Number of protein chains: 2
Amino acid sequence: MRVAVLVQYEGTSFNGWQVQPDKPTIQGEIEDALEKIYGERIGIMGSGRTDSGVHAFGQVAHFDVAESPIPVQNIWMTLNKHLPQSIRIVSSQPVADDFHSRFQARERSYRYEINTRFNILQRDTRWFVRYIIDQEALMELTGLIHGSHDFSSFCYAGTETENMMCNIQRADWIQLDEGGLAFYITADRFLHHMVRMLAGSMVEVARGKWTLDHFKALLENPDRQNHAVTAPASGLTLLKVTYPDSIQPNWVEGHEKFANGSKHY
Amino acid sequence: MRVAVLVQYEGTSFNGWQVQPDKPTIQGEIEDALEKIYGERIGIMGSGRTDSGVHAFGQVAHFDVAESPIPVQNIWMTLNKHLPQSIRIVSSQPVADDFHSRFQARERSYRYEINTRFNILQRDTRWFVRYIIDQEALMELTGLIHGSHDFSSFCYAGTETENMMCNIQRADWIQLDEGGLAFYITADRFLHHMVRMLAGSMVEVARGKWTLDHFKALLENPDRQNHAVTAPASGLTLLKVTYPDSIQPNWVEGHEKFANGSKHY
């Protein structure tokens, strides 16, 4: 039986999603929790890896269990009992045996947050940019990246991926509050470090270090060695992963299921 | 020479503002940092105490130094070198010898944040309310508390204060984002636990447990034993303390002073 889970995490204290020996990772913690419940090691597959320090509001993962003594829709609550507070499962749903959280994902959405005024409550979730920022320049830059482009210039040089084409469905900078700005981006796929390199490079323009033409040139002359400025991991959150309608898990989150004070997370 | 400082802190890991033996407190950490700089114990006075777990974006404190080898406007940077990352001084300014951060404060502003949808990135800064909330009821309640009232019913029963009158200048609930709401309140003074008891009691009405009349009765029949529901400390932030114009410190924050990438906090 295949189960899909919707996962939130505060990435600050983890070495990213993917299991690594002797290091705390989100995947590792969830596999440890599953082992405590089912008495055996069960591998989980995430929709994508996230780097050390990156957060998630809507990561999706799947795993297989032979038989579950716990109803599938309740597995999330039991998992939370065995997970650290910085990882919370907010929904678990049965999916088809051929559902694949990574290969069948249709769209992924990320948010990158910055602060131009220091705020201690956001020190692990927003990049504190120590420059005066031209907000209009940020808006203008988002217009350049819509649609399909080769994002080689905005990809970690050591990547093993060959296909560098990504189709950007949404790209917006939005004012959050005094000093706070967020870059929202949705695409069919992302390259390694791509959101952080786009955000970092856009800020280079907005603070007047780069010209808009310099950014444009990186986009128009794809070159992996020509890579851009990478913004810190802490500002990045994986917001949402969507699947084709026919296989989209029917996420019912805990707060919808129990609006009666139950403390399942 | 008297110095005023503007202080931010993430209160989660501290036992509140006020010095306590063998426990980490914000006041204690700042006094330790001053001792490292000036070689002697210098007491600091805050505009008010904050409870364990409460945060600050604009706490004000003052202290006296005989002679400072560091220009007063730069003391904040040196203090930050000796403080934990969860406490940051964002400005230091010279003030008159009779300036008093607590007794001369004219207005204080607080924010209380709640989430009706779980978000792990706000687990230490917003109260996760596990109920469906009537937002209009919240707005309606704020209208009741404007102006001067005896807030005995919204005061910690064990308090030593006698004067229970507070003059509310501003009280608003504002939608922050999907699931997020903030209660902003400004008054000349606050009683112990008052903001948390107002927020907690308003949520009782908004989730349908209390009637609006029950809340009204608490306000109209001040009674310290009749006290209201106290919301958790983690949702509360001391936002701002203001002084009469003639003595208001001229806060120039680090991000205004150094918009050139300098990393002083």
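Through which surface do the copies, chain A and chain B, meet? They meet through the same surface, because 100% of the interface residues of chain A are also interface residues in chain B. Before the views, a few ground rules. This is a predicted model, where local features need pLDDT of at least 70 and side-chain atom pairs count only at pLDDT 80 or more, while totals for chains, interfaces and linings use all residues. Residues are numbered from 1 along each chain as its sequence is written, and chains are lettered from A and ligands numbered from 1 in the order in which they are written.

**View 1**
Start with the predictor's own scores: the complex gets an ipTM of 0.93 and a pTM of 0.94. Chain A has a mean pLDDT of 94, with 100% of its residues at 70 or more (pLDDT is the predictor's confidence in each residue, from 0 to 100). Turn chain A by 180 degrees, with a shift of 0.0 Å along the axis, and it can be laid on chain B with an RMSD of 0.0 Å. That is how a two-fold axis relates copies.

**View 2. Where chain A touches chain B.**
Here 27 residues of chain A are in contact with 27 residues of chain B (in contact means C-beta atoms, placed from the backbone, within 7 Å). On chain A's side, the elements giving two or more residues are S1, S3, S4 and helix H6 (254–257). Sorted by class, that side has 11 nonpolar, 11 polar and five charged residues. For the classes, Ala, Val, Leu, Ile, Met, Phe, Trp, Tyr, Cys and Pro count as nonpolar, Asp, Glu, Lys and Arg as charged, and the others, Gly among them, as polar.

**View 3. Strand S1 of chain A and its partners.**
Strand S1(A), residues 2–9, is mostly covered, with seven of its eight residues buried. Buried means 20 or more other C-beta atoms within 10 Å of a residue's own, exposed means 12 or fewer, and partly exposed is in between, with C-beta atoms placed from the backbone. S1(A) runs antiparallel to S4(A) (residues 87–95), joined by eight bridges, and Tyr9(A) stands opposite Ile87(A) there. Seven bridges join S1(A) to S3(A) (residues 55–64), also antiparallel, and Val7(A) stands opposite Gln59(A). Strands (E, at least two residues) and helices (H or I, at least four) are DSSP runs numbered from the N terminus, and two strands pair if DSSP finds at least two bridges between them.

**View 4. Two domains in chain A.**
Chain A splits into domain 1 (2–103 + 243–257) and domain 2 (107–240), with bounds from an automatic or database domain assignment. Their C-alpha centres lie 27 Å apart. Where the domains touch, 13 residues of domain 1 are in contact with 10 of domain 2.

**View 5. Gln169(A) and the strands around S8(A).**
Find Gln169(A) in strand S8(A), residues 165–177. Gln169(A) counts as exposed because it has 12 other C-beta atoms within 10 Å. Beyond its neighbours within four places in sequence, Gln169(A) is in contact with Glu107(A), Thr186(A) and Ala187(A). S8(A) pairs antiparallel with S9(A) (residues 180–187) over eight bridges, with Thr186(A) as the bridge partner of Arg170(A). In their hairpin, which has two residues between the strands, Gly179(A) takes a positive phi near 90 degrees.

Note on methods. Copies are superposed by least squares on the C-alpha atoms of residues with pLDDT of at least 70 in both. Two residues are in contact if their C-beta atoms, placed from the backbone, lie within 7 Å.
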